[in-house]
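Subject: Structure handover

Hello,

Here is the structure for you to look through. Please open it first, and then read the notes below.

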Amino acid sequence: MNAAVPFASAIESIAPFRRSPENPSAIPARIQGRIPDWLRGEVFRTCPAIFETGKWRAQHWFDGLGMIYAFRIGDSAVDFRSRLLDSETARDARRGKTNLAAFGTPNARPLVQRIFEPIPRVSDNTNVNIVRLGHQLVAMTEGNRQLVIDDETLASVEPVSYSGDALGGAIMSAHPHFDFGRSKVLNVATEFGLNGVISIYEHDSVARQRELIGSWRTRRVPYVHTFGLTPRSAILVAHPFGVSPAQMLWSSKGYIDHFDWRADEGTRLVIVDRSGGETREHVADAFFAFHCVNAFEHGDSTVLDVLAYPDADIVAALRIDRMLAELPDLRPSLLRIVMKPGVERASTEKLSDVGFEFPSTHYRLVNGLPYRFAYGASDGLDAGGVYTSSVVKVDVTSGSSMSHCDGTHIFGEPIFVARPQGSGEDDGVLLTVGSARNAESSVLAVLDARTMALLASAEVPSSIPLGFHGSFTRTEW
Ligand SMILES: [Fe+2]
């Protein structure tokens with residue numbers, strides 16, 4: 001690396017993290033192929049985009065200042081816009097301040113502030129996910145603040161208000177679940193005190209009054225990114241990558257830098273009963289997971305499918321200095337965990353030889369139920385040292401898989417969009433954004449979820465950094 005290049009911004013010149021200036025006004029995409037007539041709406045996504053500004057530098061991928069972007073799919077055109085998040089974190093960074101707690105970047109609070117506020121306020125850099133909660137488009141990170149985003153301008157409007165409810169300043173995950181039948185949003189939240197309390201809560205899709213479903217108390221608090229949900233249960237993955245809350249008092253380290261890995265503790269699975277809040281625990285050999293794929297009940301057993309890494313080394317591998325040395329391997333294993341009442345030990349089984357991240361399913365049809373297809377992005381170095389990328393479809397009942405790869409783009413999360421009046425959990429398309437390796441361009445690829453064939457691509461002359469999650473909204477153009 002050129003010593004004259006500050007290390008954090010260097011990542012912004014490397015695919016798939018390369019970034020073009022924002023496009024707050026829509027620019028047209030160049031369409032190749034044919035977009036299905038029924039596919040009309042908008043893809044909203046988030047990504048970490050800025051890794052250095054002024055004196056501020058992100059030290060971890062997850063701390064890059066967020067950007068929201070959208071592809072709008074109309075009758076005969078697709079357009080693209082992008083806009084940087086206007087968060088307190090971003091405003092602070094531009095002034096060279098780092099007073100808020102970030103994921104893996106130290107804060108630099110004055111000593112007096114640290115003494116009187118032993119735990120720093122948490123970042124509102126909502127760069128992890130963007131979903132619709134009722135009528136609002138909401139950007140999320142792991143924090144106690146979520147930001148409402150304007151559908152049209154992509155401007156950051158205001159924090160979502162949960163004031164006055166049971167959870168106060170708890171850290172919410174950026175992966176809520178949806179109980180469509182009851183118009184409820186469910187999520188997991190972590191509170192730090194003498195011990196840790198991890199709670200499952202729900203609220204109406206429009207209202208913002210969170211109600212507790214159940215809580216699990218633990219001395220060593222695991223890092224929680226997602227959870228599984230069935231009609232009966234919420235399932236927490238309490239891997240042994242944890243922290244004792246007292247370790248974080250008066251500290252200036254990044255949030256995750258307090259956590260350590262204790263393989264001998266194994267990974268605990270905590271099942272929270274959705275009707276009464278009771279919890280029961282199981283244990284499996286240690287693994288680490290960011291993402292649950294799906295969960296369901298089978299007789300009296302509860303089944304959870306996760307994307308499992310052998311340990312938590314992946315968290316450090318996503319530090320900026322590590323990624324500059326070697327792009328990350330985002331190909332954890334699809335692992336099935338079966339938990340039977342009265343049997344503490346959970347059984348585990350690897351479902352496929354294909355590793356992938358950023359999982360999705362036909363969520364509305366199969367979440368919480370037995371299912372067949374999982375989708376994701378499989379990104380990592382091949383044997384020849386080339387960073388390969390494909391969009392994959394895995395049959396979890398057989399382990400077989402199909403994929404799409406064009407050799408040109410590095411793809412992220414595929415979003416499944418069902419064909420109206422379609423049948424089956426692969427009757428629809430996958431929408432996935434690919435960042436060109438060697439050009440200042442990106443595509444929104446439209447794949448047939450049955451065959452994984454490319455139906456159409458919408459190319460824009462803008463480098464979109466690889467990001468995390470997003471959603472599709474059917475809207476009129
Ligand atoms: Fe995630």
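Leaving out residues up to four places away in sequence, Val 224 touches Ser 173, Val 188, Thr 190, Ile 198 and Leu 236. Two residues are in contact if their C-beta atoms, placed from the backbone, lie within 7 Å. Val 224 sits in the loop between β17 (221-222) and β18 (228-229). Strands here are DSSP runs of E with at least two residues, helices are runs of H or I with at least four residues, and the numbering starts at the N terminus. Val 224 counts as buried because it has 20 C-beta neighbours inside 10 Å. The cut-offs are these: a residue is buried with 20 or more other C-beta atoms within 10 Å of its own, exposed with 12 or fewer, and partly exposed in between, with C-beta atoms placed from the backbone. Ile 171 is 53 residues away from Val 224 in sequence, and the C-alpha to C-alpha distance between them is 9.8 Å.

Two notes on the source. This is a predicted model, in which local features need pLDDT of at least 70 and side-chain atom pairs count only at pLDDT 80 or more, while totals for chains, interfaces and linings use all residues. Residues are numbered from 1 along each chain as its sequence is written.

Now the whole protein. It has six helices and 37 strands. Its radius of gyration, taken over C-alpha atoms, is 21 Å, close to the 23 Å from the globule rule for 477 residues, so the protein is as compact as a globular protein of that length. The globule rule is 2.2 Å times the number of residues to the power 0.38. The C-alpha trace spans about 55 × 55 × 50 Å along the principal axes. Of the 477 residues, 50% are buried. Among contacts between residues at least 6 apart in sequence, 59% join residues at least 24 apart.

The largest nonpolar core has 132 residues, and Leu 236, Leu 269, Val 306 and Leu 444 have the most contacts inside it. Such a core is a set of buried Ala, Val, Leu, Ile, Met, Phe, Trp, Tyr and Cys residues joined through C-beta atoms within 7 Å. Apart from neighbours within four places in sequence, the contacts of Val 306 are Val 237, Ala 289, His 291, Cys 292, Val 293, Leu 335 and Ile 337. Leu 335, in β26, is also the bridge partner of Val 306.

Strand β26 (residues 333-339) is joined to β25 (residues 301-309) by seven bridges, and the two run antiparallel. Both belong to an open antiparallel sheet of four strands, in the order β24-β25-β26-β27. Strands pair if DSSP finds at least two bridges between them. At the edges are β24 (288-298) and β27 (347-350), each pairing on one side only. The twist from one strand to the next averages 25°; for such angles, axes are lines fitted to C-alpha atoms (for helices over the stretch in contact), and values run from 0 to 180 degrees between N-to-C directions.

One more strand is worth a look. In a regular strand the side chains alternate between the two faces of the sheet. In β33 (residues 415-418), Ile 415 and Val 417 point one way, Phe 416 and Ala 418 the other, and all are buried. Four bridges join β33 to β34 (residues 428-436), and these strands run antiparallel. Phe 416 stands opposite Leu 430 in β34.

Regards
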